[in-house]
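Reader: Please show me the model. I want to go through a helix and some ring pairs.

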Amino acid sequence: MTTPQDLNDAEIGELDDLLAAIPQPLDALDVVMLDGYLCGVLSQPMAIDIAEWLPPACDWNLGEGGQVLTPDTPGWHSAKHERLMALVQRRYDAIHRAMVEDEWFDPVVMQPLDDDDQPLTGRAEIEGALAPWVTGYEHALNHFPALEELGHADLSDLLACLRRHLPEQSEDEQAYTKALDEEQPLKSLDAAIEDLVATVIDLATIGRTQRLKVPTVRRGMPKVGRNEPCPCGSGRKFKLCHGRDQS
């Protein structure tokens, strides 16, 4: 099996440019938000097809009057669409492999700058770098709520550790963020990224564990002998009909 090849820096820049080129009125995520969004999709307790998760990445307002991007969308064309899908799929596959095999991944984040194009520092640097990424993750949860609906005991605390980076918070989230900042202060952007990745891995593990659960199969009828007529009514022996898979 071929290992998914992750995007290099040039391809990440190309992907960001393609997202920015998606024509209005569609409001696409940027590459950092997309990265968080993909991780939110991969954290779900069921596999989601690209046909379902790509459209909300290409239009923030999808479901509220937005529209689905297609190769025929005015101002767009098939070559751009194919390249966009190829790059997004490669990033998705690479994150998935890293989550499962390495229990780690390197998020796409950017160094935030102030109005004079100077790097931010301290808390402003952390919030500026991670808020867009977490916003993308939250966008995935809004469209695919199955993870939050699991009711796992650790979910609320783990999600709070991500939502501490969002600029807009409820009163409860603000109180939780204040407590986290006092008990588990993030002293640098590197420390904050490490905390974010560990949190997302824990969330994805909860979702993946649920996805891998196999329900107990309960027999709905008496056991059928292999030489008896198949209960489907075909007239053939069970071993030559629906019992063939059990041989």
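Author: Start with helix H5, residues 122-143, which has 22 residues. Helices are DSSP runs of H or I, at least four residues, numbered from the N terminus. This is a predicted model: local features need pLDDT of at least 70, side-chain atom pairs count only at pLDDT 80 or more, and totals for chains, interfaces and linings use all residues. Residues are numbered from 1 along each chain as its sequence is written, and side-chain values use heavy atoms, without hydrogens and water.

Reader: What span does H5 reach from its first C-alpha to its last?

Author: The expected span is 1.5 Å times one less than the number of residues. For H5 that expectation is 32 Å, and the helix comes close to it. Its reach is 32 Å.

Reader: Where does H5 bend?

Author: The bend is the angle between axes fitted to the seven residues ending at a residue and the seven starting there. It is about 35° in H5, and Pro132 follows within four residues. The site is Leu130.

Reader: Which residues do ring pairs link into a cluster?

Author: Trp133 and Tyr137 are 4 residues apart in helix H5, so about one helical turn separates them. Ring pairs link a cluster of Phe105, Trp133 and Tyr137.

Note on methods:
Helices (H or I, at least four residues) and strands (E, at least two) are DSSP runs, numbered from the N terminus. Rings of Phe, Tyr and Trp (its six-membered ring) pair if their centres lie within 6.5 Å; planes under 30 degrees apart count as stacked, over 60 as edge-to-face and the rest as tilted.
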